[in-house]
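Dear colleague,

I am handing over the structure that we spoke about, and my notes on what was found in it follow below. Please read them with the structure open beside you.

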Amino acid sequence: MELHTFKNANYAFVKNRFKFYIFSSVFIIAGIISMSTQGFNYGVDFVGGHNYVVKFNNPNIATDDVRHIVDKYLGEGNEVKTFGTDRMSITTKYLINSTDANTDAKVKEALIKALGTNEKTKITAANIGSESKVDPTIANGLKKSALLTVIFAIIIISAYIFIRFRKWQFSLGAMIATAHDALMVLSFFSLFKNALPFSLDIDQAFIAAILTVIGYSINDTVVVFDRIREFLHLHHAKTDEPKVVINDAINNTLSRTVITALTVVLILLVLFIFGGDTIRGFSFALLIGVCFGTYSSICVATPVIIDFGKKDLR
Amino acid sequence: MQGKGVVKFFAILLAVVCIYQLSFTWVGHNIKKDAQLHAKGDTTKEKAYLDSISTQPVYPVFKHTYQYVSQRELALGLDLEGGMSVTMQISLDELVKKLSNNNQDVVFNQALQNATAIVNKGTVQKDYITLFVEEFEKLSPDGKLAPIFSTKDNQDHIKFNASNSEVESYLKELAKVAVQQSYTTLNTRIDGFGVANANISLQPATQRILIELPGVKDPERVRKLLSATAKLEFYQTFDNRQAYPVLNNINSLLAAKLKAGKKDTAKTPAVPATKTDTGKNKIAAATPAKGDTAKGKSGQSLLSKVQKSNATDTSALSKKLSLAEQAPLFSILQPASYTPQGGQTQLAPGPVVGFADVKDTAKINSYLHSQDIKASMPQTMKFLWGVKPRDPKTKIFELYAIKLVGAAGPVLAGEVINDARQDYDQKGSPEVVMIMNSDGAQKWRTVTAEAAADANNKQSVAIVLDDNVYSAPRVDNEIAGGISSISGNFTIEEAKDLANVLKAGRLPVRTHISASAVVGPSLGQEAIHASLLSCLVGLLVVLVFMVAYYNRAGTVAVIAVIVNIFFLMGVLTSLGAVLTVPGVAGIVLTLGISVDANVLIYERVREELALGKSLRIAITDGFKHALSSILDANISTFLTGLILYIFGTGPIQGFAITLMIGITTSLFCSLLISRIILEYMLEKGWNIKFSNPWSCIPLKTQTTPL
């Protein structure tokens, strides 16, 4: 039996490109609206505050109950999230601007005391699995430097593509693809921030994930670009029509694109399922990022060249 | 393929180096296992065992010591091993203020405040000095900085007419020195703390120091150790009998003020009374021997009154309230006194002037530090609290009367300490012994000689650390040799840390902990198991897929990928990189990239085969044609890694390092090693299949109709 799916691939990616553009645009616009209205769930790296991972003795406590108790004693603005199966992550801004040396101990004490007011949530220091503190200063700096890093990465990679391919259309295609992937993942994390059973936090690891996705996506895109360049240089090419050449290049590399994506997705799936709570958000960002990256290099980055290029790409 | 010999040589060399590097981790792991078996769960015993063999040769053949081995193990990051990470922020505003000799210029102080606010917001990536100068020039476009900074201390460097940019570069230079000094000091403190694989890095642009301490289980101790400014000072003291009148005066001043406040009108005679009182008392304090008589008596009577009422009825709230009105200070600060058998209550000798419950100390401080009270006190006197309660069971703290000498105040400061170590005093409790340099020893001798001069009235010298009195021993004889000691109910660990801090010297500027994270080792254990397991499972799944899809060629790819992991780990270990959870993710991603390179090549070889080329030519062409794709793809990913490494912090950098090394080794393995294996198979005349029946489809080049 033969498997025709990839080998005789002949899908009209270029012809249907506007549908892909529309899909991506709608998703990203919805994402941007969501980002500006409901924003993100920021991890403690970005908000600033004291964060504790607490394992309650009583497994049947709702996060809302815990939040009410903590809000009552430590002031508003606390975040309580489930962390893994049997723990909760509590972030509080209590005393966050104090530079007193004992602040950390005070906050911890205050939290234990606050939780101790209710019989159900009573804990001791031994229930706190890990704690961390981030100044708002650091958090702000991190947000800014993360954004700069992403923008810088996109620029550098576009410059590299320009040097290698000598055509600004390729550079632009790569730039759009990478920006597209970053925006898609961000949109996803904003749109579905409370819809999934695990936390979609924006933290340092998320930035690493976004950058990996950009790297992966560019990897994918470049392979297709490379094939286009090769086809354009073939003297016996049947046609010069960019639309045909590009669609052929996409279909020709489709087998490789899908197999690579499949292997990476396999690894990431395993990491996502078995990797533990600490890196679940991270591996999820990578997972959807790789899917978006594969989609963008096939359906967005390459067709874009046509819409910006002239008749002849040689 | 050209240069096959060179590739083989390098592959073997790299393999040997990697085996050697990874062997340390293996040996170290075995020793730790032995230690665990030996200790049977007792962590102190385990640590003692490891300490005992740290200088013993444990590595076979080469006879490396355990210490050597453990330094070369593949270090695990905090998230995997558990431990603590701390970010210290160095505050430069204090330094700038100090350099200006606390200039009161409004614009200057406003500029400082603005610059601090901007830094605290963290949105601008400029250093503090630049921001400060910018803010200053914004506030006063024609303002000159030189007059503010050309103080007596700086006048050699800053002329009165120096330009702002000259001042700026001078400030920057000093800031750099201060930051560097803070870094060195913290480094020394951490060294003394004795943590293996501690990682300290300086971020000069933002004046931050990042510290990672794997395996640390006592975060409070670390916080104390790092944030201690360790301002050690030696002070002369006032005797209680000299200080009491001052306190008494403060007490009556406060009472008068309270009364005035109660009457609610400003025209009470309290104000002039206060003034005369102040004046009198200044004389009294300055010449205590003379002025003591009358005042002392009234004081004494009040003292006994306070004590009586304290002793007789404490539960009577109303009485106490009226007492608080009558004697605001003495109702919460009990004067240091004793009652000899059958005699009258007398003031106790020595520098301790009073006792107070810990809950009242803040109130007493606010009394003592208020402007008008300060004005009433002799300028050479200040009050400091003892560091620990006088009795560990109660929360009663002692208040000391400190005598300031000269402009600075202390007679001797911590800079003279050459060396410090933890020791035990005569009673067997831990203390810190300090050894001064020759200059300090000379001064210390003079100071102690002076204190012990009057045989009938030997003075005390207070040893003050960060404005807390650790001890104030009475000096019986002059002390030569420059040795002194601090005792104060220390635990051994506290004494060790204090000695360590004193030896490292004080931090030149205020440095506070701006972020810290403690990762519970249990969480770490969980994380390490989960991520290792997922790595292995992920690898297995992919390898099975490769063999299934590419048949025999797939096994070659599997070998290449496994060799790649091996090289990657070897290189990581030899570079002393620290493996973190994002690092593990980086390795997983590298696996994907490594597989991708093989997929690219094999897909290409299949295409070449489909064009009807012979196996040998198809392999050669396949590699040739896939090369540019692989290189371009990997170089762009590598560039991403590089940007991550340059701009990222902590965990992101760990990820970037693994990614970059992974890409390099993966290129080596997929382009060269798998090529060598394939060519070897060709030479042996094996039939290399690039597909299994289910994945084998001849390729037809097609033109898409549009």
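Which residues of the largest nonpolar core touch the most other members? They are V185(A), A209(A), I210(A) and A557(B), in a core of 131 residues, where a nonpolar core is a set of buried Ala, Val, Leu, Ile, Met, Phe, Trp, Tyr and Cys residues joined through C-beta atoms within 7 Å. The largest share of this core, 19 residues, comes from α19(B). A residue is called buried if 20 or more other C-beta atoms lie within 10 Å of its own, exposed if 12 or fewer, and partly exposed in between, with the C-beta atoms placed from the backbone. Leaving aside residues up to four places away in sequence, A209(A) touches F282(A), A285(A), L286(A) and G289(A), a contact being two C-beta atoms, placed from the backbone, that lie within 7 Å. Apart from this core lies another one, of 104 residues, which includes A111(B), F330(B), I364(B) and I402(B).

Before going further, please keep in mind that this is a predicted model, in which local features need pLDDT of at least 70 and side-chain atom pairs count only at pLDDT 80 or more, while totals for chains, interfaces and linings use all residues. Residues are numbered from 1 along each chain as its sequence is written, and chains are lettered from A and ligands numbered from 1 in the order in which they are written.

The model scores ipTM 0.75 and pTM 0.63. Chain B has a mean pLDDT (the predictor's confidence in each residue, from 0 to 100) of 77, and 83% of its residues reach 70 or more. Over residues 265–299 of chain B, however, pLDDT stays under 50, and the model has 38 contacts beyond four places in sequence for them. Where pLDDT is low, the predicted coordinates should not be read in detail.

R166(A) lies in the loop between α6 (136–165) and α7 (168–191) of chain A, and R166(A) counts as exposed because it has 10 C-beta neighbours inside 10 Å. N551(B), by contrast, is found in helix α19 (residues 521–574) of chain B, helices being DSSP runs of H or I, at least four residues long, numbered from the N terminus; N551(B) counts as partly exposed because it has 18 such neighbours inside 10 Å.

Lastly, the buried residues of α9(B) include V167(B), L171(B), A175(B), A178(B) and V179(B).

With best wishes

Methods
Helices (H or I, at least four residues) and strands (E, at least two) are DSSP runs, numbered from the N terminus.
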